[in-house]
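Biologist: Please take a close look at one chain of this model for me. Tell me how its residues sit together, and then how it meets its partner.

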Amino acid sequence: MDLGELASCLGSTSCVVTQVSAGLTIGMLLFLVASGLTLIFGVLGLVNFAHGTLYMLGAYFALSAYGATGSFLAAVLAGALGVALAGLVMERFLLSRIYGTDVLMQLLVCYAIILILDDVVKIVWGGDFLKMDLPEAFRRPPLLLAGGIVPFYYLVLFGITAAIALLLAFGMGHTRFGRTVRAAAVNPGMVGALGINTTVVYAAVFGIGALLAGLAGALSAPIRSVVPGAGVSILIESFIVTVIGGMGSIWGALAASLLLGFTRSFGSIGFPLFTEGLMFLIMALVLLVKPSGLAGKRQA
Amino acid sequence: MSQSDRGGLGRRNILKAGAALGGAAISGFPMIASGQGRQPIKVGMPTILSGRVAQLGVSSRNAVMMEVERFNAAGGLDGRPIEVIVRDSRGVPAEAARIAREMISSDGVDLLLDGEPSSGGFAVHEVVRESGTLTIHLNSETSSLTADPKQRFWNAFRVARVGIHDSIAGGAYAAEIVKARNLKRWMTVSPDYAYGRDTTAEFMEYLRHFAPDVQVIGETWPKLFQPDYTENVTRLVQGRPQAIYSCLWAGDLVTFVEQASLYGLFNQSQFFAVNMADYTTLQQVKALPRGVHSGNRYLKNFPDVPGNLSFAEEYHRRYNTYPTNWSWQSATAVHLLVAALKKVGGTDPRKLAEALRGMTIESPFGADGKVTMRAEDQTLVGYAIGWGTTIPNDPYVEGMKTADWNMIFRLEQEWKKAKGWA
């Protein structure tokens, strides 16, 4: 425990700026993945253990697209849309069969998907760790804000993820589709009775969740390694976010993701040997105090 | 009714089967046909062929196969070839242990060439402690694997470079730089497992032995194979050290350097990365910072002898890539094994172990043209260790300074005494 370091950091503007920006970036990337997870759970009742694998696929698609075209935009689109498509296929052929079944069954099917996709990825791209180059446009020296250091690409990342978050909030809150989705989460039977095709709604929701995960994978490909099994740690963190934020709540996911982002960045200063542990500790506390999560609704 | 009408084995069928078996015996079962003499020497090799460090495991396997094939082509051991079974542990120690057990009990291997890094290496070590299989650890560098008497038993040897040797050599080199550039404030960033912890502690101990003013003002310990180092980088940025030490390796080091460059970390701090000078790593870091201090993992021009260069060139011709640290270590293991096999004339593990203990062979990777398998603790000594600074292009490292083995032996002995191991 290094509380002295933490205190001096909190007292210094440069440190606060550096750590807050790092925390925001880590948190927002996590939010993209976790929001998809929580959306899928909230509406479809499916605990998508394969969500981390969708993130990994997004990184691989982006890597290949960038290698083929040299365009960052193409890479991001390939990651997002490619995984959305993969997600739709997964949903239609496999996952729709296990909606509403026992969690154990869902876990088994999703774990099977993880194993299969990890090996497919190894066959197609090889078992080696790969790197996507950071595009020239982002190779700028870091920004100095009040003495704090903010890498240029992190600003870009934050901009993109914040825009997506706003789009998601707007979409869920103010469009007809968003209302339908929220209704389907509460009472699918009634939504069906109103003549709305719930199968399409479910597929669309899964597609959106997958798109978000794939997008996150594509955005992080230039700065993290692209390797089979890359989905595991982000999956675990997404679950922590979902538990803390409340399953099914996007706002909860946002709050929890940012909380985890800051825990990582400030935690590495104050609790360098316990940063991971801290995240789990917070999750445990939330489970004890408010089991449905910070913004979760009490499940009947 | 004849037997064939009843569908049983007719006389014709028995004759056919007999002829087939006889033919197979002559052509398909050469072992039985020519007796024990041609039976291959079976070697099991668990290693990592997928994930963050796949390149290293592949390079280890490549070197083993290259040297084994050379041995087999020259007639093997009186006509007995070495047959290598390679399996992927995916970097999971429990899997490495399982593979080792399987190779010993199901595949019936005569000996193991353990291609795991320390994480898996210790797991395999425990398996062979029970089984009594002759094992050479190719790539596990954690010092305690051979330095700690509790870890020592007759059938396990280590050919990999040892953390303590690198730390002493590195500490001596770094101390020169510290004095020249007045680098007093240090921080460390190393992976959180035995190798990372031990090696970092050792380097710092020797650095302070040679340059007592050095202060470690902070440490950060990312997990092995951690995907994102942002929190570690910001911790380092925050500390504003004059110099940073890291024993991160392979994919981890590449990712860390990339993420640290985003923060401009190397503009403010001198970076001492013991594992940087490996071609895999050097070629994957897109914007290799100039002036990073590194030990020689594998460099084709250090030692600057023809044998080393030809090893690199043959390897490159076969595999279209350059050897790594794991490659020279694995090749040396095969050289030692071959020498022991020739001395013993067979695969009796006790006799092989006896032959290996204290064996010295000529080697292009030796500091003085030779390497020795030290009898006292069954680990390799006398291999070339040097430190220099990185440049962006081939040969990637310049200004190599060779470490003095007499100094290493002296300080290593003191270190062992201090630990109660000597």
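**A close look at chain B**

Modeller: Start with the contacts in chain B between residues at least 6 apart in sequence: 65% of them join residues at least 24 apart. Two residues are in contact if their C-beta atoms, placed from the backbone, lie within 7 Å. This is a predicted model, in which local features need pLDDT of at least 70 and side-chain atom pairs count only at pLDDT 80 or more, while totals for chains, interfaces and linings use all residues. Residues are numbered from 1 along each chain as its sequence is written, and chains are lettered from A and ligands numbered from 1 in the order in which they are written.

Now the outline. The C-alpha atoms of chain B fill a box of roughly 100 × 40 × 40 Å, taken along the principal axes. Chain B holds 16 helices and 15 strands. Helices (H or I, at least four residues) and strands (E, at least two) are DSSP runs, numbered from the N terminus. Of the 422 residues in chain B, 54% are buried. Buried means that 20 or more other C-beta atoms lie within 10 Å of a residue's own; exposed means 12 or fewer, and partly exposed lies in between, with C-beta atoms placed from the backbone.

Next, some backbone details. B:F302 and B:P303 are joined by a cis peptide bond, with omega about 5°. B:P303 sits in the loop between β10 (293-295) and α13 (306-319) of chain B. B:D394 and B:P395 are also joined by a cis peptide bond, and here omega is about 0°. Look for B:P395 in the loop between β14 (386-390) and β15 (397-402) of chain B.

Then check phi. B:A250 is not a glycine, yet its phi is positive, near 45°. B:A250 belongs to helix α10 of chain B. B:A250 counts as buried because 26 other C-beta atoms lie within 10 Å. B:Q378 is not a glycine either, and has a positive phi of about 55°. B:Q378 is in the loop between β12 (370-374) and β13 (379-381) of chain B. B:Q378 has 24 C-beta neighbours inside 10 Å, so B:Q378 is buried.

Now the partner. The contact takes 27 residues from chain B and 32 residues from chain A. On the side of chain B that touches chain A, the elements giving two or more residues are α3 (54-73), α9 and α10 (250-262) of chain B. α9(B) gives the most, with 7 residues. By class, this side of chain B has 8 nonpolar, 13 polar and 6 charged residues. Ala, Val, Leu, Ile, Met, Phe, Trp, Tyr, Cys and Pro count as nonpolar, Asp, Glu, Lys and Arg as charged, and the others, Gly among them, as polar.

Follow α9 of chain B across to chain A. The buried residues of α12(A) pack against α9 (230-239) of chain B, together with α10 (231-245) and α11 (250-270) of chain A. In α12(A), the residues A:T275, A:M279 and A:V286 are buried. Seen down the axis of α12(A), its buried residues fall within an arc of 65°, so they line one face of the helix. That arc is taken from the directions from the helix axis to the C-beta atoms. On the other side of α12(A), A:G277, A:F280, A:A284, A:L285 and A:L288 are exposed.
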